[in-house]
Amino acid sequence: MSLLVTGIGELVTGDPQVGDGSPLGVLSGAAFVVDAGTVRWVGDAVGAPAADQAVDVAGRSVIPGFVDSHSHLVFAGDRSAEFAARMAGETYSAGGIRATVAATRAAGDEQLAAQLSRHVAEMARQGTTTVEIKSGYGLTVADEARALALAAAVTRETTFLGAHVVPQEYADDPAAYVDLVTGPMLTACAAHARWIDAFCEVGAFDVDQARTVLEAGRAVGLGMRLHANQLGHGPGVQLACELGAAAVDHCTYLTDADVDALAASGVVAGLLPGVEFSTRSPYPDARRLLDAGVTVALATDCNPGSSYTSSMPLCIALAVREMRMAPAEAMWSATRGGAASLARGDVGHLTVGARADFAVLEAPTYLHLAYRPGVPLVASTWAAGRQVA
Ligand SMILES: [Zn+2]
């Protein structure tokens, strides 16, 4: 059953070869045809071919579905009191993760699955069609494997983050915990995961431990990602570049050598402005990265501690207002940038052959995502050509 989407006032294709000549490839008065979940034709609405069904979006803008390349959605518990305390002056530390670990371990499978699907649906209502989901609040063999099995039921992009923090029971022997992560835990988790990740930061894992974890994951066929340089300068970005990770996320505190290494290696820098917003911290310098030629992805880092937003439109608005990204750059980073972070060629754009993942905006142009912050502009969301929100 083919579907013609027509009457598109402004279409963001993500194809630099078409339209206005920008990386976003913006077309006016456009249409596209979907068949079997895939974009089959894109062009001027006047010349659109016939299809079995048609949807006329009446001049609204259409964008590729957002690709949220960093989230932690398998959790239980609530840390709103910690947020309130932070807003009253306490500083954020990695240790708060342990509160969520305790609540997550205590939760039943059904409770975790219900919470997870609520968050994924919340994301879909805000235009997200691809989401990466990490484990990391179980930190036992059984709890990490459970988290990844649940995540794998809702996304292809699952990430084993046993190296999130050292759990309380290993506080006196972190080396034994790294052995567990790279041994039995990895064995139990690898089948449910596409990626491996570690939190390389003071208070979490040092660079040698992070290297050991990523190399162990790579040895069993997982792609590598890393949390690094969030709370201070550190060696994590250099490690990600040296290992050829797909992405290194946070990148708030960078030296010139870090920026050069990112540009030279092609490792995607994931910027997560919801974190800086929610922890009242300095934002990463997106302008410096973009000017150096680094590929930048924007993601929510949705998690109950440091960034409990599931909204890519909010991240776009923050990136534009607080990180000096042009609206077009932020739009690109929230779609094609996220796809680059996840090494996915089939999402983040609407060109022939792409997955038909898109959002219809109650707006004449994608610029409204930054121009009208906090306004629910996503009228509908479609995944593989089917309306999901
Ligand atoms: Zn994270």
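Is R324 buried, partly exposed or exposed? Select R324 and have a look: this residue is partly exposed, because 14 other C-beta atoms lie within 10 Å. (Buried takes 20 or more other C-beta atoms within 10 Å of a residue's own, exposed 12 or fewer, and partly exposed is in between; C-beta atoms are placed from the backbone.)

Before going on, note that this is a predicted model, in which local features need pLDDT of at least 70 and side-chain atom pairs count only at pLDDT 80 or more, while totals for chains, interfaces and linings use all residues. Residues are numbered from 1 along each chain as its sequence is written.

**Stay at R324**

R324 sits in the loop between α11 (312-322) and α12 (327-341). Helices (H or I, at least four residues) and strands (E, at least two) are DSSP runs, numbered from the N terminus. Check the backbone here: phi of R324 is positive, about 60 degrees, although R324 is not a glycine.

**Next, select L139**

L139 also has a positive phi, near 60 degrees, and is a residue other than glycine. You will find L139 in the loop between β8 (133-134) and α4 (141-152). L139 counts as buried because it has 28 C-beta neighbours inside 10 Å.

**Then move to T365**

T365 belongs to the loop between β15 (358-361) and α13 (368-371). With 17 other C-beta atoms within 10 Å, T365 is partly exposed. Which residues does T365 touch, leaving aside those up to four places away in sequence? They are E10 and S61, where contact means C-beta atoms, placed from the backbone, within 7 Å.

**Zoom out to the whole chain**

The protein chain has 13 helices and 17 strands. Its radius of gyration is 20 Å, close to the 21 Å of the globule rule for 389 residues, so the chain is as compact as a globular protein of that length. (The radius is taken over C-alpha atoms, and the rule is 2.2 Å times the number of residues to the power 0.38.) Of the 389 residues, 55% are buried.

**Finally, color by confidence**

The predictor's confidence in each residue is called pLDDT and runs from 0 to 100. The chain's mean pLDDT is 97, and 99% of its residues reach 70 or more.

Notes
Two residues are in contact if their C-beta atoms, placed from the backbone, lie within 7 Å.
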